[in-house]
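Come along and follow the entries with me.

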Amino acid sequence: MVRILSDDDVDSLLEIDALLPVVRDAFVKQERGDVERPDRPHFPVGAGIDGDAPLGTGLVMPAYIHGEPHYATKLVGVHGGNEDRGLPTVNAQIALTDAETGLPAALLAGTRITNARTGCIGGVAAAELASSSPVKLAVIGAGTQARWQARCIVTATDVESIRVYSPSDSKRECADELESEFGVPTTPVESADDAVADATVVVTATTATTPVFSGEALRPGTLVIAVGAYNEEMRELDRETFSRADKTVADVPGEVAETGDVRATDLEADDFVPLGDVLDGAAGRDSDSEIVVVESVGSAVLDAAASEFVFERAEETKAGREVEL
């Protein structure tokens with residue numbers, strides 16, 4: 001029997017405060033080598049259907065954490081045009097397979113899991129690397145992932161205020177939603193540099209292909225968490241941000257080095273401290289005045305950990321439904 005979990009089922013089982021330590025532990029295990037994480041292929045999809053450009057990107061993300069009862073395979077579609085269709089930009093499904101027998105165990109709606117575990121990357125990074133508390137948070141982007149980043153950082157740290165910037169009017173809706181949800185004063189602003197000015201933590205969660213703010217606007221001690229650029233065409237940060245950074249951190253240094261953010265600099269994979277080392281206590285801030293940049297492309301290890309977490313809760317509560325394939 002295979003347990004099927006819908007998006008509503010996943011929503012009922014996910015709690016950010018409980019997921020944050022799961023994500024943190026997954027990063028540590030990844031850096032210690034206690035996982036299997038094959039390369040993730042990504043490929044254009046929809047080419048030729050609507051002109052010559054592809055309509056989106058397909059990704060396959062498998063992973064196994066040693067000793068866990070299941071391994072995970074996530075199928076992802078990233079379609080930037082979905083915002084105009086009123087659909088999520090990222091859509092995903094996660095298959096859990098019994099690690100001992102190879103039998104299928106579960107199929108989970110993966111979009112919310114992807115959003116939550118990616119948000120938790122910002123949460124654990126901010127909890128570990130923010131230079132001061134309370135946090136003054138700047139969010140560049142106002143879509144689904146920008147909101148998850150804010151949720152997870154608010155949960156993981158003490159946030160004093162939030163500024164939101166997006167070139168669209170969605171920044172106002174995003175600000176209203178976050179303030180209503182958390183009671184933290186949240187202001188939509190008219191430029192990215194206005195958002196970044198005086199912020200202690202800056203999050204970029206966009207699909208941009210050119211830098212979204214000026215590195216000159218960063219104050220000493222700022223933590224920058226960039227989660228939007230995952231391939232060589234995408235770029236959120238300018239060279240000045242990296243030039244001013246005293247420390248650069250990456251969740252997967254080898255893959256981060258291939259993103260548009262890093263390819264526009266002279267940095268290589270070895271120039272990034274693995275986030276797992278930071279969370280394991282082997283690296284971190286040397287002073288509160290350092291500017292620290294965290295680059296994230298995501299890791300299938302987080303999907304494996306998060307989906308196992310959700311599946312265990314589903315088994316306990318009998319959530320979802322069981323079907324025979």
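**Entry 1: the largest cavity.** I began with the residue classes: the lining of the largest cavity divides into 4 nonpolar, 2 polar and 3 charged residues. For the classes, Ala, Val, Leu, Ile, Met, Phe, Trp, Tyr, Cys and Pro count as nonpolar, Asp, Glu, Lys and Arg as charged, and the others, Gly among them, as polar. I noted that this is a predicted model, where local features need pLDDT of at least 70 and side-chain atom pairs count only at pLDDT 80 or more, while totals for chains, interfaces and linings use all residues. Numbering starts from 1 along each chain as its sequence is written, and side-chain values use heavy atoms, with hydrogens and water left out.

Which residues line the largest cavity? I found R37, P38, R40, M61, P62, E255, G298, S299 and A300. Its volume is about 40 Å³, and the structure holds 1 cavity of 30 Å³ or more. On a 1 Å grid over the protein atoms alone, a cavity is a set of points where a 1.4 Å probe fits but cannot get out; a pocket is an open set with protein on both sides within 12 Å along at least five of seven lines, and lining residues have an atom within 4 Å of a point. Grid points are joined across faces, edges and corners, and a volume is the space filled by probe spheres set on the points.

Entry 2: I then looked up the largest pocket, with a volume of about 1100 Å³. Of its 44 lining residues, T89, Q145, A205, T206 and T207 are the closest to its centre. The elements giving two or more residues to this lining are β4 (56-65), β5 (70-78), α4 and α5 (144-156). Helices (H or I, at least four residues) and strands (E, at least two) are DSSP runs, numbered from the N terminus. α4 gives the most to the lining of the largest pocket, 6 residues. By class I noted 20 nonpolar, 19 polar and 5 charged residues in this lining.

The second largest pocket holds about 560 Å³ of space. Closest to its centre, out of 22 lining residues, are H42, T57, Y230, N231 and E233. β3 supplies the largest share of this lining, 3 residues.

**Entry 3: the sheet.** I traced an open sheet of 8 strands with parallel pairing, in the order β10-β9-β8-β11-β12-β15-β13-β14. Why is one side of β10 (186-188) and of β14 (273-274) left without a neighbour in the sheet? Both stand at the edges, each with a single partner strand, so one side of each has no neighbour there. Two strands pair if DSSP finds at least two bridges between them. β8 (residues 135-140) and β9 (residues 159-165) pair in the parallel sense over 6 bridges, and A138 stands opposite R163 in β9.

**Entry 4: the helices.** Helix α6 (residues 170-182) lies across β9 and β10, at about 175° to β10. Axes are lines fitted to C-alpha atoms, for helices over the stretch in contact, and angles run from 0 to 180 degrees between N-to-C directions.

Finally, the axes of α4 (residues 111-129) and α12 (residues 300-317) come within 10 Å and cross at roughly 120°. I113, T114, R117 and I121 in α4 meet L302, D303, A306, S307 and V310 in α12, where contact means heavy atoms within 4.5 Å. By class, this contact has 5 nonpolar, 2 polar and 2 charged residues.
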